[in-house]
Amino acid sequence: MNTYLIVAGCVLAVALLAAVFYFRLVSAFTGNLGKRRTNPATGNPGDTIELHAVFLPVPGCGGTASPFTTKIEAYLRMAGLPYKNKSSDLASSPNGRIPWMQHGNQQISDSRFIVRFLHNTYGSQLRTREPQDPVDQALSTTIQRLCEQHMYFTSLYHVASTPDGRQQAVKMFGSMASWPMVEVLTRAWSQGRTTQLRYQGVLTNSHEDINLLIAEDLAALSALLGDKTYFLGPQPTVADACVFGFIQTHTHGLDDTALSRAVKKHQNLVKFADNIQKTYFADRLEKGLKLD
Ligand SMILES: N[C@@H](CCC(=O)N[C@@H](CS)C(=O)NCC(=O)O)C(=O)O
(Lines give C-alpha, C1' and ligand atoms only; values in the text may rest on other atoms or scores of the structure.)
Protein backbone atom coordinates (compact mmCIF):
# COMPACT_ATOMS: atom_id res chain seq x y z
CA MET A 1 0.00 0.00 0.00
CA ASN A 2 2.79 2.36 1.04
CA THR A 3 4.83 1.53 -2.05
CA TYR A 4 1.75 2.07 -4.17
CA LEU A 5 1.26 5.56 -2.65
CA ILE A 6 4.92 6.49 -3.11
CA VAL A 7 4.88 5.45 -6.78
CA ALA A 8 1.61 7.34 -7.38
CA GLY A 9 3.05 10.42 -5.65
CA CYS A 10 6.21 10.30 -7.79
CA VAL A 11 4.19 9.92 -11.00
CA LEU A 12 2.02 12.89 -9.99
CA ALA A 13 5.07 15.03 -9.13
CA VAL A 14 6.75 14.22 -12.48
CA ALA A 15 3.50 14.97 -14.38
CA LEU A 16 3.17 18.28 -12.53
CA LEU A 17 6.78 19.26 -13.26
CA ALA A 18 6.35 18.30 -16.95
CA ALA A 19 3.16 20.41 -17.16
CA VAL A 20 4.88 23.43 -15.53
CA PHE A 21 7.84 23.06 -17.94
CA TYR A 22 5.52 22.79 -20.96
CA PHE A 23 3.45 25.85 -20.03
CA ARG A 24 6.58 27.90 -19.34
CA LEU A 25 7.76 26.97 -22.85
CA VAL A 26 4.37 27.99 -24.34
CA SER A 27 4.53 31.30 -22.51
CA ALA A 28 8.11 31.90 -23.73
CA PHE A 29 6.92 31.30 -27.30
CA THR A 30 3.88 33.55 -26.82
CA GLY A 31 6.33 36.45 -26.76
CA ASN A 32 8.46 38.15 -24.23
CA LEU A 33 7.81 41.85 -23.87
CA GLY A 34 11.44 42.51 -22.99
CA LYS A 35 12.48 45.91 -21.73
CA ARG A 36 11.38 49.15 -23.37
CA ARG A 37 14.59 51.02 -23.94
CA THR A 38 15.91 53.81 -26.14
CA ASN A 39 18.61 52.63 -28.52
CA PRO A 40 21.87 54.51 -28.94
CA ALA A 41 21.91 56.47 -32.21
CA THR A 42 25.60 56.23 -33.04
CA GLY A 43 28.86 54.54 -32.05
CA ASN A 44 32.60 54.36 -32.65
CA PRO A 45 33.32 53.10 -36.23
CA GLY A 46 36.43 51.30 -34.91
CA ASP A 47 34.34 48.89 -32.80
CA THR A 48 33.52 45.36 -33.93
CA ILE A 49 29.98 44.54 -35.08
CA GLU A 50 28.66 41.48 -33.25
CA LEU A 51 25.31 40.23 -34.52
CA HIS A 52 23.45 38.26 -31.86
CA ALA A 53 20.60 35.96 -32.87
CA VAL A 54 19.28 32.41 -32.87
CA PHE A 55 20.88 31.28 -36.13
CA LEU A 56 18.82 28.38 -37.47
CA PRO A 57 20.11 27.37 -40.91
CA VAL A 58 17.57 26.66 -43.65
CA PRO A 59 18.82 24.24 -46.33
CA GLY A 60 19.14 26.00 -49.70
CA CYS A 61 19.15 29.49 -48.15
CA GLY A 62 21.92 32.04 -47.66
CA GLY A 63 20.22 33.52 -44.62
CA THR A 64 18.70 31.76 -41.61
CA ALA A 65 15.14 31.11 -40.40
CA SER A 66 14.70 34.55 -38.76
CA PRO A 67 13.68 37.11 -41.41
CA PHE A 68 14.76 40.08 -39.29
CA THR A 69 18.20 38.53 -38.79
CA THR A 70 18.57 37.79 -42.51
CA LYS A 71 17.57 41.39 -43.26
CA ILE A 72 20.48 42.64 -41.10
CA GLU A 73 22.96 40.08 -42.43
CA ALA A 74 22.01 41.00 -46.01
CA TYR A 75 22.31 44.71 -45.20
CA LEU A 76 25.75 44.30 -43.57
CA ARG A 77 26.96 42.32 -46.57
CA MET A 78 25.54 44.82 -49.07
CA ALA A 79 27.08 47.68 -47.07
CA GLY A 80 30.46 45.89 -46.98
CA LEU A 81 30.69 45.95 -43.16
CA PRO A 82 32.52 43.00 -41.55
CA TYR A 83 30.64 41.40 -38.65
CA LYS A 84 30.69 38.39 -36.35
CA ASN A 85 27.73 36.13 -35.71
CA LYS A 86 27.16 35.32 -32.03
CA SER A 87 24.71 32.65 -31.04
CA SER A 88 22.27 34.07 -28.52
CA ASP A 89 18.82 33.46 -27.12
CA LEU A 90 15.75 35.62 -26.57
CA ALA A 91 16.38 35.85 -22.83
CA SER A 92 19.75 37.57 -23.31
CA SER A 93 18.41 40.06 -25.86
CA PRO A 94 17.96 43.62 -24.55
CA ASN A 95 14.37 43.77 -25.88
CA GLY A 96 13.49 40.04 -25.85
CA ARG A 97 13.72 39.84 -29.66
CA ILE A 98 16.35 38.85 -32.17
CA PRO A 99 18.48 40.10 -33.78
CA TRP A 100 20.36 42.53 -31.60
CA MET A 101 23.82 44.00 -31.96
CA GLN A 102 26.75 44.48 -29.61
CA HIS A 103 28.99 47.34 -30.73
CA GLY A 104 31.80 48.25 -28.33
CA ASN A 105 30.03 48.63 -25.01
CA GLN A 106 26.67 49.48 -26.60
CA GLN A 107 23.74 47.19 -27.35
CA ILE A 108 21.29 47.98 -30.11
CA SER A 109 18.04 46.06 -30.52
CA ASP A 110 15.44 46.00 -33.32
CA SER A 111 16.54 45.73 -36.95
CA ARG A 112 15.19 49.23 -37.73
CA PHE A 113 17.36 50.83 -35.07
CA ILE A 114 20.34 48.66 -35.95
CA VAL A 115 20.19 50.02 -39.52
CA ARG A 116 19.87 53.61 -38.25
CA PHE A 117 22.84 53.06 -35.91
CA LEU A 118 24.99 51.63 -38.73
CA HIS A 119 24.05 54.54 -40.93
CA ASN A 120 24.95 57.15 -38.36
CA THR A 121 28.15 55.36 -37.35
CA TYR A 122 29.61 54.37 -40.72
CA GLY A 123 28.08 57.03 -43.03
CA SER A 124 30.03 57.31 -46.27
CA GLN A 125 32.00 54.09 -45.53
CA LEU A 126 28.84 52.12 -46.37
CA ARG A 127 28.75 50.67 -49.87
CA THR A 128 24.98 51.04 -49.95
CA ARG A 129 23.40 54.40 -50.76
CA GLU A 130 19.87 54.94 -49.52
CA PRO A 131 17.57 56.98 -51.80
CA GLN A 132 17.69 60.77 -51.59
CA ASP A 133 14.37 61.40 -53.28
CA PRO A 134 11.58 61.79 -50.63
CA VAL A 135 9.14 59.61 -52.61
CA ASP A 136 11.72 56.81 -52.85
CA GLN A 137 12.47 57.22 -49.15
CA ALA A 138 8.75 56.88 -48.44
CA LEU A 139 8.62 53.78 -50.65
CA SER A 140 11.55 52.28 -48.72
CA THR A 141 9.73 52.80 -45.41
CA THR A 142 6.48 51.43 -46.87
CA ILE A 143 8.14 48.31 -48.28
CA GLN A 144 9.87 47.58 -44.98
CA ARG A 145 6.74 48.07 -42.89
CA LEU A 146 4.74 45.86 -45.27
CA CYS A 147 7.23 43.04 -44.72
CA GLU A 148 7.85 43.55 -41.02
CA GLN A 149 4.42 44.46 -39.72
CA HIS A 150 2.20 42.44 -42.03
CA MET A 151 3.92 39.73 -44.05
CA TYR A 152 5.81 38.57 -40.97
CA PHE A 153 2.57 37.72 -39.16
CA THR A 154 0.71 36.19 -42.12
CA SER A 155 3.78 34.00 -42.82
CA LEU A 156 4.09 33.12 -39.14
CA TYR A 157 0.46 32.00 -39.23
CA HIS A 158 1.32 29.49 -41.97
CA VAL A 159 4.37 28.17 -40.17
CA ALA A 160 2.91 28.10 -36.64
CA SER A 161 -0.76 27.35 -37.12
CA THR A 162 -1.19 25.09 -40.16
CA PRO A 163 -0.24 21.39 -40.63
CA ASP A 164 1.94 22.42 -43.58
CA GLY A 165 3.95 24.66 -41.27
CA ARG A 166 4.17 22.03 -38.53
CA GLN A 167 6.43 19.97 -40.79
CA GLN A 168 8.75 22.97 -41.09
CA ALA A 169 8.74 23.53 -37.33
CA VAL A 170 9.63 19.88 -36.75
CA LYS A 171 12.60 20.29 -39.10
CA MET A 172 13.61 23.59 -37.50
CA PHE A 173 13.68 22.11 -33.99
CA GLY A 174 15.17 18.88 -35.34
CA SER A 175 18.39 20.84 -35.97
CA MET A 176 18.52 21.77 -32.25
CA ALA A 177 17.14 18.79 -30.34
CA SER A 178 16.11 15.18 -30.71
CA TRP A 179 12.85 13.30 -30.14
CA PRO A 180 10.83 13.61 -27.84
CA MET A 181 12.07 17.17 -27.20
CA VAL A 182 11.41 18.11 -30.86
CA GLU A 183 7.77 17.11 -30.38
CA VAL A 184 7.46 19.10 -27.14
CA LEU A 185 9.16 22.18 -28.64
CA THR A 186 7.03 22.04 -31.79
CA ARG A 187 3.78 21.82 -29.81
CA ALA A 188 4.76 24.55 -27.35
CA TRP A 189 6.05 26.79 -30.14
CA SER A 190 2.92 26.35 -32.20
CA GLN A 191 0.64 26.98 -29.21
CA GLY A 192 2.62 30.05 -28.08
CA ARG A 193 2.82 31.57 -31.54
CA THR A 194 -0.87 30.92 -32.23
CA THR A 195 -1.76 32.81 -29.04
CA GLN A 196 0.58 35.63 -30.11
CA LEU A 197 -1.15 35.82 -33.52
CA ARG A 198 -4.56 35.90 -31.85
CA TYR A 199 -3.54 38.97 -29.85
CA GLN A 200 -1.78 40.52 -32.85
CA GLY A 201 -4.95 40.22 -34.93
CA VAL A 202 -4.10 38.00 -37.91
CA LEU A 203 -6.12 35.18 -36.40
CA THR A 204 -9.32 37.19 -36.52
CA ASN A 205 -9.30 36.21 -40.23
CA SER A 206 -10.07 32.86 -41.84
CA HIS A 207 -7.40 30.73 -43.51
CA GLU A 208 -8.75 31.71 -46.96
CA ASP A 209 -8.76 35.43 -46.14
CA ILE A 210 -5.20 35.28 -44.75
CA ASN A 211 -4.13 33.68 -48.03
CA LEU A 212 -5.78 36.53 -49.95
CA LEU A 213 -3.81 39.05 -47.85
CA ILE A 214 -0.58 37.15 -48.55
CA ALA A 215 -1.31 37.13 -52.29
CA GLU A 216 -2.00 40.90 -52.23
CA ASP A 217 1.25 41.69 -50.39
CA LEU A 218 3.30 39.58 -52.79
CA ALA A 219 1.57 41.10 -55.84
CA ALA A 220 2.35 44.58 -54.47
CA LEU A 221 6.04 43.73 -53.99
CA SER A 222 6.23 42.11 -57.39
CA ALA A 223 4.65 45.16 -59.10
CA LEU A 224 6.99 47.55 -57.26
CA LEU A 225 10.03 45.54 -58.31
CA GLY A 226 8.94 45.10 -61.94
CA ASP A 227 11.89 44.04 -64.08
CA LYS A 228 14.48 45.91 -61.98
CA THR A 229 17.34 44.19 -60.13
CA TYR A 230 16.69 46.18 -56.94
CA PHE A 231 13.61 48.00 -55.68
CA LEU A 232 14.85 51.58 -55.59
CA GLY A 233 17.64 52.02 -58.09
CA PRO A 234 20.70 50.38 -59.59
CA GLN A 235 22.30 49.67 -56.16
CA PRO A 236 20.88 47.63 -53.27
CA THR A 237 19.37 49.45 -50.29
CA VAL A 238 17.94 48.40 -46.93
CA ALA A 239 14.55 47.84 -48.60
CA ASP A 240 16.13 45.08 -50.74
CA ALA A 241 17.81 43.53 -47.69
CA CYS A 242 14.45 43.54 -45.94
CA VAL A 243 12.42 41.95 -48.76
CA PHE A 244 15.15 39.34 -49.19
CA GLY A 245 14.95 38.52 -45.47
CA PHE A 246 11.24 37.87 -45.70
CA ILE A 247 11.07 35.87 -48.94
CA GLN A 248 14.32 33.87 -49.13
CA THR A 249 13.10 30.87 -47.14
CA HIS A 250 10.14 30.64 -49.56
CA THR A 251 12.07 31.26 -52.79
CA HIS A 252 15.07 29.10 -51.86
CA GLY A 253 14.01 26.79 -49.02
CA LEU A 254 13.78 23.20 -50.23
CA ASP A 255 10.27 22.58 -48.89
CA ASP A 256 7.25 22.90 -51.14
CA THR A 257 4.81 24.89 -48.96
CA ALA A 258 1.74 27.07 -49.51
CA LEU A 259 3.98 30.10 -48.99
CA SER A 260 6.68 28.95 -51.39
CA ARG A 261 4.00 28.34 -54.04
CA ALA A 262 2.51 31.81 -53.44
CA VAL A 263 5.90 33.54 -53.76
CA LYS A 264 6.94 31.51 -56.80
CA LYS A 265 3.94 32.84 -58.72
CA HIS A 266 6.10 35.99 -59.01
CA GLN A 267 9.17 34.98 -60.92
CA ASN A 268 10.68 38.47 -60.63
CA LEU A 269 10.77 38.04 -56.82
CA VAL A 270 12.47 34.65 -57.22
CA LYS A 271 15.06 36.16 -59.59
CA PHE A 272 15.58 39.08 -57.19
CA ALA A 273 16.26 36.75 -54.22
CA ASP A 274 18.45 34.52 -56.36
CA ASN A 275 20.63 37.44 -57.36
CA ILE A 276 21.06 38.53 -53.71
CA GLN A 277 21.91 34.97 -52.62
CA LYS A 278 24.54 34.63 -55.34
CA THR A 279 25.99 38.12 -54.94
CA TYR A 280 26.08 38.39 -51.15
CA PHE A 281 25.82 34.91 -49.65
CA ALA A 282 28.06 32.80 -51.91
CA ASP A 283 30.48 32.05 -49.03
CA ARG A 284 27.64 30.92 -46.75
CA LEU A 285 26.18 28.68 -49.45
CA GLU A 286 29.59 27.12 -50.04
CA LYS A 287 30.93 26.79 -46.49
CA GLY A 288 27.79 26.86 -44.36
CA LEU A 289 26.97 29.00 -41.36
CA LYS A 290 29.90 30.08 -39.20
CA LEU A 291 29.29 31.02 -35.58
CA ASP A 292 31.80 32.25 -33.03
N1 LIG B 1 10.84 44.81 -34.70
C2 LIG B 1 11.82 43.77 -34.48
C3 LIG B 1 11.17 42.41 -34.61
C4 LIG B 1 12.13 41.26 -34.35
C5 LIG B 1 11.39 39.94 -34.14
O6 LIG B 1 10.16 39.90 -33.92
N7 LIG B 1 12.15 38.86 -34.21
C8 LIG B 1 11.57 37.57 -33.97
C9 LIG B 1 12.39 36.47 -34.64
S10 LIG B 1 12.35 36.56 -36.39
C11 LIG B 1 11.60 37.30 -32.47
O12 LIG B 1 12.55 37.63 -31.81
N13 LIG B 1 10.54 36.70 -31.97
C14 LIG B 1 10.51 36.32 -30.60
C15 LIG B 1 9.15 36.44 -30.00
O16 LIG B 1 8.23 36.88 -30.70
O17 LIG B 1 9.03 36.07 -28.84
C18 LIG B 1 12.98 43.95 -35.47
O19 LIG B 1 12.80 44.66 -36.47
O20 LIG B 1 14.10 43.46 -35.21
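Proline 99 sits in the loop between strand E2 (84–87) and strand E3 (100–103). Helices (H or I, at least four residues) and strands (E, at least two) are DSSP runs, numbered from the N terminus. The model is predicted: local features need pLDDT of at least 70, side-chain atom pairs count only at pLDDT 80 or more, and totals for chains, interfaces and linings use all residues. Residues are numbered from 1 along each chain as its sequence is written.

The peptide bond from isoleucine 98 to proline 99 is cis, with omega near 5 degrees. Tryptophan 179 and proline 180 are also joined by a cis peptide bond, with omega about 10 degrees. Proline 180 lies in the loop between helix H5 (163–174) and helix H6 (181–200). Most peptide bonds are trans, and most residues other than glycine have a negative phi. Aspartate 110 is not a glycine, yet its phi is positive, about 80 degrees. Its place is the loop between strand E4 (106–109) and helix H3 (111–122). Aspartate 110 counts as buried because it has 21 C-beta neighbours inside 10 Å. The cut-offs are 20 or more other C-beta atoms within 10 Å for buried, 12 or fewer for exposed, and partly exposed in between, with C-beta atoms placed from the backbone.

Now the whole fold. The protein has 11 helices and 4 strands. Its radius of gyration is 21 Å, close to the 19 Å of the globule rule for 292 residues, so it is as compact as a globular protein of that length. The radius is taken over C-alpha atoms, and the rule is 2.2 Å times the number of residues to the power 0.38. Of the 292 residues, 33% count as buried.

Next, helix packing. The axes of H4 (residues 134–161) and H8 (residues 238–252) come within 9 Å and cross at roughly 20 degrees. Axes are lines fitted to C-alpha atoms, for helices over the stretch in contact, and angles run from 0 to 180 degrees between N-to-C directions. H4 is therefore roughly parallel to H8. Angles under 35 degrees count as roughly parallel, over 145 as roughly antiparallel, 65 to 115 as roughly perpendicular and the rest as oblique.

The axes of H7 (residues 207–225) and H10 (residues 267–280) also come within 9 Å, but cross at roughly 70 degrees. These two helices are therefore roughly perpendicular. Leu218, Leu221, Ser222 and Leu225 in H7 meet Asn268, Leu269 and Phe272 in H10. Contact means C-beta atoms, placed from the backbone, within 7 Å.

How values were computed. Contact = placed C-beta atoms within 7 Å.
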